[in-house]
Amino acid sequence: DGTHMDVLSLLKEEDDNPRGRGGATEASGRVHQGATLDEAAAVEAARQEAKERRIPLREQEAGILHLLQAKSLFARLRLPEPHYDADGKLLWTPPGDLVLRRVYDDLSRCCAPDVSQHPKREEGFAKLSEAYDTISNKNGRRDTYVAERVAELRRLEQLREQVRREAEEKAAESSAASSPRPSGQDHREPWRYSGGADSPRAQAMARQGSSALARSQALPLKPS
């Protein structure tokens with residue numbers, strides 16, 4: 001039957017090419033690769049591991065998009081930006097190797113060539129590798145990059161502070177222009193600024209003034 005023929009074909013192929021020597025050969029859906037059975041087993045184990053690490057295509061795309069759009073190497077690795085004091089002195093401790101490796105392994109699931117099927121996997125993997133090699137100082141560029149990043153962050157902070165001050169000044173000027181105060185205010189006639197001469201307050205004050213004037217005129221004059 002068919003199964004019997006498949007076994008015979010497999011045995012014949014192993015006789016012609018023992019242990020799969022010379023490369024990969026497919027027969028009956030099985031792949032023989034490596035010079036020895038141990039090597040072939042290792043290849044198969046790696047293939048199974050890659051299959052287990054594989055994530056859905058939508059998650060691959062989200063991870064690659066994050067790597068391509070991140071504003072800094074720290075952001076690519078989802079690490080906090082370096083801190084500094086008021087004088088610009090760096091207050092930052094490099095992350096440990098275990099932390100970096102865990103982050104790298106997690107992000108590589110979206111773009112590693114052996115597990116990702118996304119068309120932009122190579123571009124995303126290049127971005128990830130650059131960030132990991134720099135922050136881990138594998139390429140010797142970490143100190144230079146951190147200094148440049150701190151300088152950039154300080155410039156951005158100063159720009160934001162300048163924009164904030166200008167916005168506050170404009171708001172104060174606009175508020176003053178919308179509610180002007182009268183100049184040359186006559187305190188003897190306060191009704192001019194509190195409802196006009198016809199207001200109840202103005203009329204009451206006028207009556208009080210008239211009464212005071214009448215009383216002063218009724219008083220006898222002192223002899224000189």
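**Notebook: chain, core and loops**

I began with burial and noted that 21% of the 224 residues of the protein chain count as buried, where buried means under 20% relative accessible area, exposed over 50% and partly exposed in between, with a 1.4 Å probe and protein chains only. I keep in mind that this is a predicted model, in which local features need pLDDT of at least 70 and side-chain atom pairs count only at pLDDT 80 or more, while totals for chains, interfaces and linings use all residues. Residues are numbered from 1 along each chain as its sequence is written, and side-chain values use heavy atoms, with hydrogens and water left out.

I then listed the elements and found eight helices and four strands in the protein chain, taken as DSSP runs numbered from the N terminus (helices H or I, at least four residues; strands E, at least two). Along the sequence I read the pattern α-β-β-α-α-α-β-β-α-α-α-α. For contacts, meaning heavy atoms within 4.5 Å, I noted that 52% of those between residues at least 6 apart in sequence join residues at least 24 apart.

**Helices α5 and α6**

I looked up how α5 (residues 97-108) packs on α6 (residues 121-135), and found an angle of about 180 degrees with the axes 11 Å apart; the axes are lines fitted to C-alpha atoms, for helices over the stretch in contact, and angles run from 0 to 180 degrees between N-to-C directions. The two helices are therefore roughly antiparallel to each other, the term for angles over 145 degrees. On the α5 side I listed L100, R101, Y104, L107 and S108, which meet F125, L128, S129, Y132 and I135 in α6.

**The core**

The largest nonpolar core has 20 residues, and those with the most contacts inside it are L77, L128 and I135; such a core is a set of buried Ala, Val, Leu, Ile, Met, Phe, Trp, Tyr and Cys residues joined through side-chain atoms within 4.5 Å. I noted that α3 (57-69), α4 (73-76), α5, α6 and α7 (142-178) are the elements that give two or more residues to this core.

**Arginines and loops**

Is R76 buried or exposed? I found R76 in helix α4, and at a relative accessible area of 9% R76 is buried. Not counting residues up to four places away in sequence, R76 touches H66, L67, A70, L107, K127, E130 and A131.

I next checked R109, in the loop between α5 and α6, which counts as partly exposed at 28% relative accessibility. R109 lies 6.3 Å from R53, C-alpha to C-alpha, although the two are 56 residues apart in sequence.

Last, I looked at backbone angles, bearing in mind that most residues other than glycine have a negative phi. R78, in the loop between α4 and β3 (83-84), has a positive phi of about 60 degrees although R78 is not a glycine. N137, in the loop between α6 and α7, has a positive phi near 65 degrees, and at 30% relative accessibility N137 counts as partly exposed.

Note on methods
Parallel < 35°, antiparallel > 145°, perpendicular 65-115°, else oblique.
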